[in-house]
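This briefing is meant for a reader who is meeting the structure for the first time. Please look over the sequence and the model before going on to the points below.

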Amino acid sequence: VRAAGATLLTGGAPVAGDRVAVENTLLSVTGTRFLAEPEGLQTEMFGPASLCVIAADIEEVAAILGHVEASPAERQAYLNQAAAVRRSQSGEDGSA
């Protein structure tokens, strides 16, 4: 995943002891980079690891979701959540 462009934020170091283990690992990547190499950035990571994809806007979220390994229902739920955040931030939901 790092070879595909992800940035290590924390963790990833081997854990001392008589077992094979690594620290909890958090990586990030921009939406633009994710869209350039979605397969490489979704390679299975062994161990406790997460990748945060940082999208520039709701349109980029929609494009990213088109490449995420998820069911259509999961994709739609993610897009609905992103749209709700956008409405909240713009005051369109009456909260501003």
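The side chain of T25 comes within 2.9 Å of the backbone oxygen of E23, a polar contact in the sense of a pair of N or O atoms within 3.5 Å, where within protein one atom must be able to donate a hydrogen and the other to accept it, and where residues adjacent in sequence count only if both atoms are side-chain atoms. The model is predicted, and local features need pLDDT of at least 70, side-chain atom pairs count only at pLDDT 80 or more, and totals for chains, interfaces and linings use all residues. Residues are numbered from 1 along each chain as its sequence is written, and side-chain values use heavy atoms, with hydrogens and water left out.

**The sheet**

- Three strands form an open sheet in the order β1-β2-β3, with mixed pairing; helices (H or I, at least four residues) and strands (E, at least two) are DSSP runs numbered from the N terminus, and two strands pair if DSSP finds at least two bridges between them.
- The edge strands of this sheet are β1 and β3, each of which pairs on one side only.
- From one strand to the next the twist averages 30 degrees, where axes are lines fitted to C-alpha atoms, for helices over the stretch in contact, and angles run from 0 to 180 degrees between N-to-C directions.
- In general, the strands of a sheet pair through backbone hydrogen bonds, either parallel or antiparallel.
- Strand β1, residues 7-10, pairs with strand β2, residues 25-30, in the antiparallel sense over three bridges; L8 has L27 of β2 as its bridge partner, and T10 has L26 of β2.
- On the other pairing, β2 and strand β3, residues 49-54, run in the parallel sense over six bridges, and V29 stands opposite V53 in β3.

**Residues of strand β2**

- T25 has its place in strand β2 and counts as buried at 13% relative accessibility, where buried means under 20% relative accessible area, exposed over 50%, and partly exposed in between, with a 1.4 Å probe and protein chains only.
- When neighbours within four places in sequence are left aside, T25 is in contact (heavy atoms within 4.5 Å) with L8, T10, G11, G12, P48, A49 and S50.
- L27, also found in strand β2, is buried with a relative accessible area of 4%, and the residues that L27 touches, not counting those up to four places away in sequence, are R2, A6, T7, L8, L9, M45, S50, L51 and C52.
- Although L27 and S50 are 23 residues apart along the chain, their C-alpha atoms are separated by 6.2 Å.
- S28 lies in strand β2 and is buried as well, with a relative accessible area of 16%; residues up to four places away in sequence not being counted, S28 touches G5, A6, T7, L9, L51 and C52.

**Helix α3**

- Within helix α3, residues 58-65, the residues I58, E60, V61, I64 and L65 are buried.
- An α-helix has 3.6 residues a turn, so residues three or four places apart point the same way.
- What covers the buried residues of α3 includes α1 (31-36), β3 and α4 (72-90).
- The N-terminal end of α3 is capped by D57, with a side-chain oxygen that lies 3.2 Å from the backbone nitrogen of E59.

**The salt bridge**

- One salt bridge is counted by the rule that a side-chain nitrogen of Lys or Arg lies within 4 Å of a carboxyl oxygen of Asp or Glu.
- The side chains of R33 and E37 meet in a salt bridge at 3.2 Å, N to O; R33 is partly exposed at a relative accessible area of 31%, and E37 is partly exposed at 30%.

**The loop between β1 and β2**

- V15 lies in the loop between β1 and β2 and is partly exposed, with a relative accessible area of 27%.
- Leaving aside neighbours within four places in sequence, V15 is in contact with A21, V22 and E23.
- V15 and S71 are 56 residues apart in sequence and 34 Å apart in space, C-alpha to C-alpha.
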